[in-house]
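Load the model and switch to a cartoon view.

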Amino acid sequence: MIEESAFYFCYQLQRIDIPKDSKLQTIGDYAFSYSKINSMIIPSSVTLIGENVFSSCNQLYIIEINNNEIMSMYHTAFKNCKNILLMISNSLFEKWNLYIL
């Protein structure tokens with residue numbers, strides 16, 4: 001688990017690499033809020049993305065979510081992100097869904 005507010009207001013954080021074979025299941029509320037993160041690949045093991053996880057991450061442009069399971073994501077996960085492309089891959093259906101938020 002990435003704990004609640006783990007990288008909150010971490011201005012120096014621009015990138016985080018989570019291995020594809022990670023056992024990470026939860027990204028806690030406000031985990032990356034107000035950081036300078038610019039892209040992230042969320043591994044298929046993640047089943048919960050909490051509230052305001054990426055809120056006000058104005059440098060965030062691309063989020064790729066690879067998920068074969070049922071995943072819960074709060075509607076505020078990307079609150080106040082201005083230029084984000086959200087790519088969701090679901091190999092069960094072998095397609096990509098793209099969302100420009």
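## A stop-by-stop tour

Start by selecting Ile 49: Met 73 in β5 stands opposite Ile 49. The model is predicted, so local features need pLDDT of at least 70 and side-chain atom pairs count only at pLDDT 80 or more, while totals for chains, interfaces and linings use all residues. Residues are numbered from 1 along each chain as its sequence is written, and side-chain values use heavy atoms, with hydrogens and water left out.

Strands here are DSSP E runs of at least two residues, numbered from the N terminus; two of them pair if DSSP finds at least two bridges between them. Now show the open sheet of 3 strands, in the order β1-β3-β5 with parallel pairing. Its edge strands are β1 (26–27) and β5 (72–73), each pairing on one side only. Strands of a sheet pair through backbone hydrogen bonds, either parallel or antiparallel.

**Thr 26.** Stay in β1 and pick Thr 26. Is Thr 26 buried or exposed? Thr 26 counts as buried, at 19% relative accessibility. The cut-offs, with a 1.4 Å probe and protein chains only, are under 20% relative accessible area for buried, over 50% for exposed, and partly exposed in between. Leaving out residues up to four places away in sequence, Thr 26 touches Met 1, Ile 2 and Leu 48. Contact means heavy atoms within 4.5 Å.

**Val 46.** Go to the loop between β2 and β3, where Val 46 lies. Val 46 is buried, at 0% relative accessibility. Show its neighbours: Leu 24, Gln 25, Ile 27, Asn 67 and Met 71 touch Val 46, not counting residues up to four places away in sequence. Draw a distance to Met 71: the C-alpha atoms of Val 46 and Met 71 are separated by 7.3 Å, and the two residues are 25 residues apart along the chain.

**β2 and β4.** Next select this pair, which runs in the parallel sense over 4 bridges. Ile 41 stands opposite Glu 64 in β4. Colour β4 by accessibility: 4 of its 5 residues are buried, so β4 is largely enclosed by the rest of the structure.

**The largest pocket.** Keep β2 (39–42) and β4 (62–66) on screen, as each supplies at least two residues of the lining of the largest pocket. Which strand gives the most to that lining? β2 does, with 4 residues. The pocket has a volume of about 220 Å³. Of its 15 lining residues, the closest to the centre are Ile 16, Asp 17, Ile 18, Met 40 and Ile 41. A pocket is an open set of points on a 1 Å grid over the protein atoms alone where a 1.4 Å probe fits, with protein on both sides within 12 Å along at least five of seven lines; lining residues have an atom within 4 Å of a point. The volume is the space filled by probe spheres set on the points, which are joined across faces, edges and corners.

**Two last picks.** Select Ser 56, in the loop between β3 and β4. Ser 56 is buried, with a relative accessible area of 14%. Finish at Leu 86 in strand β6 (residues 85–90). Leu 86 counts as buried at 4% relative accessibility. The C-alpha atoms of Leu 86 and Tyr 61 are separated by 8.2 Å.
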